[in-house]
Amino acid sequence: MRDFFIRALEALIGLFVILLLLGVVVGGIGVMVTGMPQPDGRTISGVVPGIGILVVGVLYVVMIAGFMYLGLGIYHNTKRTADAVEQMAAK
């Protein structure tokens with residue numbers, strides 16, 4: 001049962017990363033096309049702010065996904081180490 005939840009978590013992380021990337025792309029293109037309103041009433045629009053949102057957003061997604069996959073990697077390495085220790089103890 002534990003393996004089911006770990007595999008499900010891996011699938012959810014993959015889906016989460018895809019949704020985050022989709023949101024970054026839509027947000028970046030949205031700023032390029034329609035603009036982004038500011039609190040003082042001005043609107044920022046254009047290619048440069050849109051590319052900025054794309055670059056910063058993708059870096060953010062890479063960082064967040066990396067930390068999530070790092071946690072799963074620690075779990076898998078710990079499991080492999082425990083299996084190897086059990087095999088050595090059985091000899």
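1. Helix α1 comes first. At 1.5 Å a residue, its 32 residues should span 46 Å, and its end C-alpha atoms are 46 Å apart, which agrees. The expected span is 1.5 Å times one less than the number of residues. Helices here are DSSP runs of H or I with at least four residues, strands are runs of E with at least two, and both are numbered from the N terminus.

2. A word on the source. This is a predicted model: local features need pLDDT of at least 70, side-chain atom pairs count only at pLDDT 80 or more, and totals for chains, interfaces and linings use all residues. Residues are numbered from 1 along each chain as its sequence is written, and side-chain values use heavy atoms, with hydrogens and water left out.

3. Helix α2 is made of 44 residues. From first C-alpha to last it reaches 63 Å, close to the 64 Å expected at 1.5 Å a residue. Helix α2 covers residues 47–90, while α1 covers residues 2–33.

4. Now the buried faces. In α1 the buried residues are I6, I13, V17, V24, G28 and V31. In α2 they are G50, G57, V61, A65 and L72. Buried means under 20% relative accessible area, exposed over 50%, and partly exposed in between (1.4 Å probe, protein chains only). The buried residues of α2 pack against α1. Those of α1 pack against α2, and also against β1 (36–37) and β2 (43–44). Contact here means heavy atoms within 4.5 Å.

5. V17 shows the helix packing in detail. V17 sits in α1 and is buried, with a relative accessible area of 14%. Leaving aside residues up to four places away in sequence, V17 touches V61, A65 and M68.

6. H76 is another residue to check. H76 belongs to α2. At 28% relative accessibility, H76 counts as partly exposed. Not counting residues up to four places away in sequence, H76 touches I6 and E10. Q38 is 38 residues from H76 in sequence and 45 Å from H76 in space, C-alpha to C-alpha.

7. Which side chains form salt bridges? A search of the whole structure finds 2. A salt bridge is a side-chain nitrogen of Lys or Arg within 4 Å of a carboxyl oxygen of Asp or Glu. D3 and K79 meet in one, at 3.4 Å from N to O. This pair links distant parts of the chain, with D3 in α1 and K79 in α2, 76 residues apart. D3 is partly exposed, at 33% relative accessible area. K79 is partly exposed, also with a value of 33%. D40 forms a salt bridge with R42, the closest N and O atoms being 2.9 Å apart. Both D40 and R42 are exposed.

8. The surface carries a nonpolar patch. L12, L15, L19, L22 and V26 form this patch, with about 500 Å² of accessible area together. Patches are made of residues with over 30% relative accessible area and no salt bridge; like charges are joined within 9 Å, and nonpolar side chains (Val, Leu, Ile, Met, Phe, Trp, Tyr) within 5 Å. Areas come from the Shrake-Rupley method with a 1.4 Å probe, and for residues only the protein chains shown count as cover. L15 lies in α1 and, at 48% relative accessibility, counts as partly exposed.

9. The structure holds 1 aromatic pair. The rings of F4 and F5 have centres 5.3 Å apart and planes at 65°, so the pair is edge-to-face. Rings of Phe, Tyr and Trp (its six-membered ring) pair if their centres lie within 6.5 Å; planes under 30 degrees apart count as stacked, over 60 as edge-to-face and the rest as tilted. F4 is partly exposed, with a relative accessible area of 47%.

10. Last, the end of α1. V33 lies in this helix and is exposed, at 63% relative accessibility. V33 and G50 are 17 residues apart along the chain, and their C-alpha atoms are separated by 8.6 Å. G35 follows α1 and has a positive phi, near 105°.
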